[in-house]
Amino acid sequence: PMSEAITRGLEVKVVSRYVPEQSDPDRPIFFFAYHITITNHSDHPVTLKNRYWHITDGVGHVEEVRGPGVVGYQPRLEKGQSFNYTSFCPLRTEFGVMKGHYEMFFDDGKSFEAEIAPFQLVTPHAIN
C-alpha cells in the first residue's frame, strides 16, 4: 500500500510492508515497516522539526505519537531535495491505518503542517 500528499510544495510518499520475521501472530504482534520519501518541490528551503502520527489498529484502538524530527534527524531540504527513511510500527492486529503530519519550518520561522496521507498496514492474508 502507498499514499501520497503534497502540502505547499512538500511531497510526502509512503510505502508500507508487513515484516513477518519480526511478527508473532500467537502473541499477537504484527510488525510493519514504512518507507517515506519527503521531497521539497517549493522554491523555499524547509526544515522538518516535529512529527505527529495517528495510528488506528484493526479493533479501533488509537495511538497518537508526537516527537522531534524523524529517525533522529531534523532534515533541511533545499528546493528539489529529498529525504528518505524507513521506520516501523508494531500492531496487535493484522490491519491498521496510519496518518499524520510533519511540522515544517521556513528559514524565517514560519511553519506549516505537511500532510501524511493515510496508509494501510496490512498483512498479506488479512486482505482476503
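Which backbone oxygen does the side chain of Ser23 reach? The one belonging to Val19, at 2.8 Å. Keep in mind that this is a predicted model, where local features need pLDDT of at least 70, side-chain atom pairs count only at pLDDT 80 or more, and totals for chains, interfaces and linings use all residues. Residues are numbered from 1 along each chain as its sequence is written, and side-chain values use heavy atoms, with hydrogens and water left out.

**Ser23 in its loop**

- You'll find Ser23 in the loop between strand 2 (10–18) and strand 3 (30–40); strands here are DSSP runs of E, at least two residues, numbered from the N terminus.
- Ser23 counts as buried because its relative accessibility is 13%, and buried means under 20% relative accessible area (1.4 Å probe, protein chains only).
- A polar atom of the Ser23 side chain also lies 2.8 Å from the backbone nitrogen of Phe31.
- Leaving out residues up to four places away in sequence, Ser23 touches Tyr18, Ile29, Phe30 and Phe31; contact means heavy atoms within 4.5 Å.

**Rings that pair up**

- Searching the whole structure turns up 8 aromatic pairs, meaning rings of Phe, Tyr and Trp (its six-membered ring) with centres within 6.5 Å.
- Trp53 belongs to strand 4 (residues 46–57) and Phe119 to strand 9 (residues 111–122), so their pair ties together parts 66 residues apart in sequence.
- Both Trp53 and Phe119 are buried.
- Tyr34 joins Trp53 and Phe119 in a cluster linked by ring pairs.

**The nonpolar core**

- The largest nonpolar core has 28 residues, and those with the most contacts inside it are Leu10, Ile36, Trp53 and Tyr102.
- At least two residues of this core come from each of strand 2, strand 3, strand 4, strand 7 (82–91), strand 8 (95–106) and strand 9.
- Such a core is a set of buried Ala, Val, Leu, Ile, Met, Phe, Trp, Tyr and Cys residues joined through side-chain atoms within 4.5 Å.

**Gly67 and its contacts**

- Gly67 lies in strand 5 (residues 62–68) and counts as buried because its relative accessibility is 12%.
- Gly67 touches Lys49, Asn50 and Arg51, again not counting residues up to four places away in sequence.

Definitions and conventions: Helix = DSSP H or I, 4+ residues; strand = E, 2+ residues; numbered from the N terminus. Buried < 20%, exposed > 50% of the residue type's maximum accessible area, 1.4 Å probe, protein only. Polar contact = N/O pair within 3.5 Å; in protein donor to acceptor, adjacent residues only side chain to side chain. Phe/Tyr/Trp six-rings, centres within 6.5 Å; stacked < 30°, edge-to-face > 60°.
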